[in-house]
Amino acid sequence: MQRWSTLQDLAKATLEEVNEMWSGLGYYSRGRRLHEGAQKVVSEFKGEMPKSAEELQKLLPGVGRYTAAAIASITFGQVTGVVDGNVIRVLCRSRAIGADSTSPAVTEGLWMLVNTLVDPVRPGDFNQAMMELGATVCTPKAPLCSECPLQTHCRAYRQVMKEREIVLKRLLGNATSKPSSTPDIEECGSCSLCLPDKESWDSGLGVMNFPRKPTKKPPRTERTLTCVVTRKKDTDDTEEYFLVQRPNLGLLAGMWEFPSILLEAELTEKKQKHIILDRLTELMGSSVTDTNLQRMGEVVHIFSHIHQTYHVYGNMLSDTTTDSVKQEETERPSFRWLTEAEFHQSAVSTAMKKVFRLFKHSSRNEKLFDKCDKQNHGSEKSGEERKRRKHKAPKDSGGRQLSMVSFFRSAAKEPL
C-alpha cells in the first residue's frame with residue numbers, strides 16, 4: 001500500500017517490480033493476478049472498479065467468490081455474506097454441521113446460511129466481525145467458548161454442556177444416562193449437513209468436532225538439481241551470481257532462480273554433475289567445465305502441494321564469456337548477473353533464498369578449511385614430518401583402527 005497506494009499506481013508498475021515486492025510471501029500467482037486486475041480496471045473500466053460481487057468475480061482475473069463478496073460488502077455496501085475458513089468454522093460449530101465442509105453441498109449450504117444472516121444495514125461490518133470471531137475466539141484449537149458472544153446459540157457448545165451434565169449425574173449415582181453418539185440438534189429430517197452416524201461425536205474434542213474435513217493428500221515429492229554459479233567482476237573483484245527467469249506460467253511464474261533441473265529419478269553425483277554442466281553450457285552458449293563444480297548439500301522446501309528437495313551445487317567461473325551471449329538471438333530464458341545485495345532485492349522465492357544461504361554457509365566453511373590447511377602446510381617442514389605427526393595405530397592392531405570393544409578390553413598382562 002505504501003509503494004502503490006492506488007489502482008492507477010499499481011497498474012503502472014511492471015510485473016518484475018510486483019514480483020520483487022511480493023518476494024518471500026508465497027502464493028506468487030496472487031501478486032501477478034492483482035497486477036493484472038489493476039491493469040484491466042484502468043484500461044477497460046476507466047479506473048472504476050466493478051461494484052457488485054457478481055461483476056467482480058466475472059470480470060477480474062483471480063477474483064473468486066469469497067474475494068468478490070468481501071470487496072462488494074466491505075467497500076461498496078452490497079448486502080452479501082462471505083465464506084472463508086474462519087466463517088466456515090463459526091457456522092459449522094454454531095449449527096453443528098458435521099458433514100465434509102469442503103463438499104459442494106456443504107459449501108453451498110454455508111453460502112445460503114451466511115446470506116440469510118448478514119446484516120442488511122452494515123454488511124461489511126458483519127462480515128468482518130464473523131471473520132474476526134473465527135480468527136480470535138472460535139479458533140481451530142483451544143477455542144475461547146467462555147468469551148464467545150454466540151455461546152447461547154451454539155449447538156456444538158450445547159452438546160458439550162449436555163455431556164457434562166450426564167457425567168455429573170453419573171458421579172452422583174445415576175448411571176442410566178448415556179451420552180448420545182451425535183449432537184442432539186433440532187429435528188431437521190434427513191439432511192446432508194449433519195454429523196454422519198459412522199463418524200461419532202468425540203467427547204474429547206468438544207466443539208472441535210466441527211468442522212469436519214477430509215484427510216489431506218500428501219504433497220508430491222520432487223527433486224531438483226540447482227547450481228549457484230558465481231564469477232568475479234573485472235572492475236572491483238565483487239562476486240556476482242547467475243540467475244535465470246522462470247516461464248511466465250506455472251509454479252513461481254516469472255520469478256528468478258539459480259539454474260535448476262527437475263530430476264526424474266535418483267542419480268549418482270557424477271551423473272548429476274554431467275546434467276548440470278550440460279544445462280549451464282546450454283544457458284550460457286559456451287562450454288562450462290567441472291573444474292570448480294562442487295556439491296554443497298541439500299535444501300528442503302515445502303510448497304502448498306509439493307515437497308521439494310534441492311540438490312545444491314556451486315560453480316565458480318573464471319571468465320565473463322557469458323556477457324557476449326545476445327539473449328534476443330537465442331531461445332534460452334532471460335538471465336542476469338547479480339551481486340548479493342541485488343539478489344536479495346530481486347524477485348526470488350523463499351526456496352532460492354534457502355539455497356543461497358546454504359551456498360554462502362558452505363563457501364565460508366570451505367574457505368576456512370582452505371586457510372587452515374595452508375597454515376598447517378606452511379608450519380610443517382616436509383612431507384616426512386607431516387607423516388610422522390599422524391596418529392599411528394598400535395602394532396597389534398594390524399594397521400587398523402581399534403574398535404570400542406578392544407578399546408575397553410582389559411590389557412593383557414606381560415610375562416614377568
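A salt bridge here is a side-chain nitrogen of Lys or Arg within 4 Å of a carboxyl oxygen of Asp or Glu. By that rule, this predicted model has 13 salt bridges, and Arg231, Lys233 and Glu240 are linked in a network of them.

Some ground rules before we dig in. Local features need pLDDT of at least 70 and side-chain atom pairs count only at pLDDT 80 or more, while totals for chains, interfaces and linings use all residues. Residues are numbered from 1 along each chain as its sequence is written, and side-chain values use heavy atoms, with hydrogens and water left out.

**Salt bridges**

- Lysine 233 counts as partly exposed because its relative accessibility is 29%, and glutamate 240 counts as buried because its value is 6%. (Buried means under 20% relative accessible area, exposed means over 50%, and partly exposed is in between, using a 1.4 Å probe and protein chains only.)
- Arginine 223 and glutamate 266 also pair up, at 3.0 Å from N to O.
- That bridge links distant parts of the chain, 43 residues apart: arginine 223 sits in strand S1 (residues 220-232), and glutamate 266 sits in the loop between strand S4 (260-263) and helix H10 (269-284). (Helices, H or I with at least four residues, and strands, E with at least two, are DSSP runs numbered from the N terminus.)
- With 27% relative accessibility, arginine 223 is partly exposed, whereas glutamate 266 is exposed at 60%.
- Arginine 279 and glutamate 282 form a salt bridge too, at 3.3 Å, N to O.
- Those two are three residues apart in helix H10, so about one helical turn separates them.
- Both ends get the partly exposed label: arginine 279 has 22% relative accessibility, and glutamate 282 has 45%.

**Cysteines**

- A disulfide is a covalent bond between the sulfur atoms of two cysteines.
- Going by the cut-off used here (a pair of cysteine sulfur atoms within 2.5 Å), the count is zero.

**The largest pocket**

- The largest pocket holds about 850 Å³ of space. (On a 1 Å grid over the protein atoms alone, a pocket is an open set of points where a 1.4 Å probe fits, with protein on both sides within 12 Å along at least five of seven lines; lining residues have an atom within 4 Å of a point.)
- There are 25 lining residues, and the closest to the centre of the pocket are Leu10, Trp22, Arg30, Arg33 and Leu34.
- Helices H1 (7-12), H2 (15-22), H3 (28-44) and H5 (65-76) each give two or more residues to the lining.
- Which helix gives the most to the lining? That's H3, with eight residues.

**A nonpolar surface patch**

- Val167, Leu168, Leu171 and Leu172 make a nonpolar surface patch of about 460 Å². (Patch residues have over 30% relative accessible area and no salt bridge, and nonpolar side chains are joined within 5 Å.)
- Leucine 171 lies in helix H9 (residues 155-171), and its 68% relative accessibility makes it exposed.

Definitions and conventions. Patch = residues over 30% accessible without salt bridge, like charges linked within 9 Å, V, L, I, M, F, W, Y side chains within 5 Å. Areas by Shrake-Rupley, 256 points an atom, 1.4 Å probe, with all protein chains shown as cover. Points joined across faces, edges and corners; volume = space filled by probe spheres on them.
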